Amino acid sequence: MTSLRTQLLRTLALMLVLVFVTQGFVLYGALAHLSESQTLMHLAHDGDTVLAVLEPDGQGGLRLDEQRVESVYRLPNSGQYFLVRVGGTGHIASTSLGGFALELREPGPGHTLDYDAEGPNGSRLKVLARSAEVHGHPVTVLVAEDMSPAHREIWETGLLSLAVFVPLLALALGLQNMAVNRALAPLRRVRAELAELGAGRHPRIEGPVPREIEPLVQEINRLLVLLDHRGRQSRTAIGNLAHALKTPLAGLLQAGEAPGVPEALRQTLREQAGSVHERAERELRRARLAGPGGQGAGARFNPGIELPPLVRMLKSVHHDKPLAIEVQGEQRITPFDREDMLELLGNLADNACKWARAQVSIRVAEQGDPGSVARLDIVVADDGPGCPDESLEHLLQRGVRLDESRSGHGLGLTIVRDIVDLHGGRLRLGRSPQLGGLEVHVELPLPGPAPTGR
C-alpha cells in the first residue's frame, strides 16, 4: 500500500500544479482581454477621426482627406487600415490596404460591430465596424488593426511568467515536502517508541503525540497492559495448577503402595501418576523461567542478560549434580520475543542438564555470510549418553514426545518445535563433537531491517 507521506505529497503537488496552471491560463486570458479592449478603444478613436474628416465632394458624394488622419494609414501593410462605404455603393480605402479587399460586415444603423478578419499577407485583424450618417449620407466605417504584435507580446509575457512560476512551483513543492515531513515527525517518533517497546526498554508509548493519533496510541497502550496482565495471569495459573496437582499425585502414589492393591494396578498408578508429575514439574520450570513478567509485553530477548539467570535456575533445579554449564551469548538485543526464547532455551537446557553427566554447553550467536540470510544460532549440548544416529530422524517427526520415552534424552520437543516453526526456523539433532552427548541446533532467520520510509 502507498505510504501516507507519498499520498499527501502526491495530492498536494497535484493541487499546487493545478493552481499554477490555472493561474497561468487566467493570466493569459486577462492579458488577451486587456489587449483586445485597448485595441478596440484605439480603433473607436480612429473611427471617430475618420468620420470627422469626411466632407462633401461637391458632386453629391463624400470625400476624405487622408492627410488629416494618422500617417500609419498611409503606409502600405502598416498593420492599421480603414475602409469607408458611402451610401452602399462608394468605397474609400486607406492607402495601407494596398487594394486588399477587407471583409465587410454591416452593423445595424447607429450600432458598432467588432469581429476578426483576415488581412494582408495572412495577418489576423481586429475589425471595428460602425454605422453613422454624415452630411446626409449613410456611412459604414471599418477600422482594423493587426493583432499579431499584441499576441506576440502576450506570448513573450507568458514565457517570462513561466520562467518565474517554475522556480516558484519548485520552491513551493520543496516547502510542501518539508511541511509534510514535519507533520509526520510524530508518527516516526511513535514508530521509534514502538521499537523501544519491542526491545523491552519501555513498557508503553509515553511521548507526546498529536491529537489526531492520540486515540490510537492510547488504544495500543491499553492493549499492551492487557496483554501483559493476561500473560502474568496465564503463567500464574499454570504454576498454581502444577502446585495443586502435586499433592493429589502424591496421595495417589501412596494409595497405590497400600497392601492388597494388585500389582498391575499399582504399576499403572505409578506410570500415570509419574507422567502427570513430570508434566507438572515441567510447567513449574517454565513458570520459573518466564519470571514475573516485569519487562512488559513484547519484550525482546537479550542473550547476555537472560542466560546468566537461566543458568542459576538450572543449577538450583539440578542441585543434585555437580554441573558445569558453559554459556556463550553476547550482550545484544535480538528481534525475538523474550518469552518464546526463554521457553525454547529452558526446555532444551533443562533436558540437557537432566541427561548430562557433568557438562552442558549453551551457545547463542548471530551468524550470517555475505549473500546469505542472517540467523540466530542456538546450540545446546551435553556430555550424556546421546541418542543413536538411527533414531535422530524419527525423533524429529511431529507428535513424537521424547520425554515419555526413557530410552534416550527426555526432550520435550513439542514446544520447541512450535516456536521454531513460528519463526520459520530449522531444528537439527546430532551428536556433539566436543562433549559427546546429544547436540540440538536451532537456526532462526533474523528479520530484515524495517523500512525507513520518510
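Residues are numbered from 1 along each chain as its sequence is written, and side-chain values use heavy atoms, with hydrogens and water left out. Because the model is predicted, local features need pLDDT of at least 70 and side-chain atom pairs count only at pLDDT 80 or more, while totals for chains, interfaces and linings use all residues. Helices (H or I, at least four residues) and strands (E, at least two) are DSSP runs, numbered from the N terminus.

Helix 5 covers residues 303–317, and its end C-alpha atoms lie 21 Å apart. That agrees with the 21 Å that its 15 residues should span at 1.5 Å a residue, where the expected span is 1.5 Å times one less than the number of residues. The N-terminal end of helix 5 is capped by N302, which places a side-chain oxygen 3.1 Å from the backbone nitrogen of G304. The buried residues of this helix are P303, E306, L307, L310, V311, M313 and L314. Here, buried means under 20% relative accessible area, exposed over 50%, and partly exposed in between (1.4 Å probe, protein chains only). In the loop between helix 5 and strand 9 (324–329) sits H318, which is buried, with a relative accessible area of 7%. The side chain of H318 makes a polar contact of 2.8 Å with the side chain of D350. A polar contact is a pair of N or O atoms within 3.5 Å; within protein, one must be able to donate a hydrogen and the other to accept it, and residues adjacent in sequence count only if both atoms are side-chain atoms.

Helix 6 (residues 338–355) comes next. Its 18 residues reach 26 Å from the first C-alpha to the last, close to the 26 Å expected at 1.5 Å a residue. Helix 6 is mostly covered, with 16 of its 18 residues buried. D337 caps the N-terminal end of helix 6 through a side-chain oxygen 3.0 Å from the backbone nitrogen of E339. Helix 6 packs with helix 8 (residues 413–422) at an angle of about 140°, their axes being 9 Å apart. Axes are lines fitted to C-alpha atoms, for helices over the stretch in contact, and angles run from 0 to 180 degrees between N-to-C directions. Helix 6 and helix 8 are therefore oblique to each other; angles under 35 degrees count as roughly parallel, over 145 as roughly antiparallel, 65 to 115 as roughly perpendicular and the rest as oblique. The crossing of helix 6 and helix 8 is left-handed, a term used if the near helix is turned anticlockwise from the far one by less than a right angle, with right-handed if clockwise.

Turning to the strands, an open sheet of five strands has the order 4-3-7-6-5, with antiparallel pairing. Strand 4 (90–93) and strand 5 (112–118) stand at the edges with a single partner strand each, so one side of each is left without a neighbour in the sheet. On average, neighbouring strands of this sheet are turned by 20° against each other, direction ignored. Two strands pair if DSSP finds at least two bridges between them. Strand 6 (residues 124–134) and strand 7 (residues 137–146) pair in the antiparallel sense over ten bridges, and V134 stands opposite H137 in strand 7. Six bridges join strand 13 (residues 426–431) and strand 14 (residues 438–445), again in the antiparallel sense. Within that pair, G430 stands opposite E439 in strand 14. The hairpin of strand 13 and strand 14 has six residues between the strands, and G436 takes a positive phi near 90° there.

Backbone angles also draw attention to two asparagines. Most residues other than glycine have a negative phi. Phi of N77, however, is positive, near 55°; N77 lies in the loop between strand 2 (62–64) and strand 3 (80–86) and counts as partly exposed at 44% relative accessibility. N121 likewise has a positive phi, near 60°. This residue is found in the loop between strand 5 and strand 6, and N121 is exposed, with a relative accessible area of 74%.

Two further residues complete the account. H277 lies in helix 4 (residues 263–290) and counts as partly exposed at 32% relative accessibility. The C-alpha atoms of H277 and K246 are separated by 6.6 Å, although the two residues are 31 residues apart along the chain. In strand 12 (residues 375–382) is D377, which counts as buried at 10% relative accessibility. The side chains of D377 and R375 are joined by a polar contact of 2.8 Å.
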